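Subject: Structure handover

Hi,

Here is the structure I promised to pass on. My notes follow below it.

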Amino acid sequence: MIYIFLGVVLFVFINTFIQTRNECKSDYNFTITKLEITPTKRLIFYNNEQEVSLWNYIVSANAGVDVGDKLIKGKCSKYLYIYKKNDQGEYFLHLKVKPSGLFPIKWFCNK
């Protein structure tokens, strides 16, 4: 029984490491076309039909993010940014989100 428990913990740890590395090395710059709210009140973003579920950044349903906002994160960037459009059609910074993952970004990038 203990081997099963250790196997599950090891799998979760390795999966989190891989997902964190992949997200860290990803570059996001898109207008949010759809939002879904998870049971834990986190947001899942859509870039057209592509689902963008974040592992390292927690954006909650009450953060004021809407369809039409821009989501931007550079490759190996520490922060994720969400911009809103004002009445003049210009985007302004609405939210700056720090990573909340288990592994530091410097493990995956040479910055």
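Which residue forms a salt bridge with Lys34? The partner is Glu36, with the closest N and O atoms 3.6 Å apart. A salt bridge here is a side-chain nitrogen of Lys or Arg within 4 Å of a carboxyl oxygen of Asp or Glu.

First, the ground rules. This is a predicted model, so local features need pLDDT of at least 70, side-chain atom pairs count only at pLDDT 80 or more, and totals for chains, interfaces and linings use all residues. Residues are numbered from 1 along each chain as its sequence is written, and side-chain values use heavy atoms, with hydrogens and water left out.

Overall layout

The chain holds one helix and seven strands. Helices (H or I, at least four residues) and strands (E, at least two) are DSSP runs, numbered from the N terminus. The order from the N terminus is α-β-β-β-β-β-β-β. The C-alpha trace spans about 60 × 35 × 25 Å along its principal axes. The chain has 111 residues, and 27% of them count as buried. Buried means under 20% relative accessible area, exposed means over 50%, and partly exposed lies in between (1.4 Å probe, protein chains only).

Salt bridges

The count comes to three. In the Lys34 pair, both ends are partly exposed: Lys34 has a relative accessible area of 41%, and Glu36 has 29%.

The other two share Lys84. Asp66 bridges to Lys84, with the closest N and O atoms 2.9 Å apart. Asp66 lies in the loop between strand 4 (50-52) and strand 5 (70-73), and Lys84 in strand 6 (residues 80-85), so this pair ties together parts that are 18 residues apart in sequence. Lys84 also bridges to Asp69, again with the closest N and O atoms 2.9 Å apart. Asp69 is in the loop between strand 4 and strand 5, 15 residues from Lys84 in strand 6. Through shared partners, Asp66, Asp69 and Lys84 join into one network.

Asp69 is buried at 5% relative accessibility. Lys84 is buried too, at 14%. Asp66 is partly exposed at 41%.

Aromatic residues

There are two aromatic pairs. Rings of Phe, Tyr and Trp (its six-membered ring) pair if their centres lie within 6.5 Å; planes under 30 degrees apart count as stacked, over 60 as edge-to-face and the rest as tilted. Tyr79 and Tyr81 have ring centres 6.4 Å apart and planes at 50 degrees, so this pair is tilted. Tyr81 and Tyr83 have ring centres 6.4 Å apart and planes at 35 degrees, so this pair is tilted as well. Together, Tyr79, Tyr81 and Tyr83 make one aromatic cluster. Tyr79 is partly exposed at 22% relative accessibility. Tyr81 is partly exposed at 23%. Tyr83 is partly exposed at 23%.

Charges over rings

A charge sits over a ring if NZ of Lys or CZ of Arg is within 6 Å of the ring centre and within 35 degrees of the ring normal. Lys96 lies over the face of Tyr79, at 4.2 Å from the ring centre. The charged end of Lys70 sits over the ring of Tyr91, 5.6 Å from its centre.

Strand 1

Strand 1 covers residues 28-31. Tyr28 and Phe30 make up its covered face, while Asn29 and Thr31 make up the uncovered one. In general, side chains in a regular strand alternate between the two faces of the sheet. Strand 1 pairs with strand 5 in the antiparallel sense, over four bridges. Two strands pair if DSSP finds at least two bridges between them. Asn29 has Ile72 of strand 5 as its bridge partner.

Surface patch

Met1, Ile4, Val8, Phe11 and Val12 form a nonpolar surface patch, with about 600 Å² of accessible area together. Patches are made of residues with over 30% relative accessible area and no salt bridge; like charges are joined within 9 Å, nonpolar side chains (Val, Leu, Ile, Met, Phe, Trp, Tyr) within 5 Å. Areas come from the Shrake-Rupley method with a 1.4 Å probe; for residues, only the protein chains shown count as cover. Val12 sits in helix 1 (residues 2-24). Val12 is partly exposed, at 45% relative accessible area.

Best wishes
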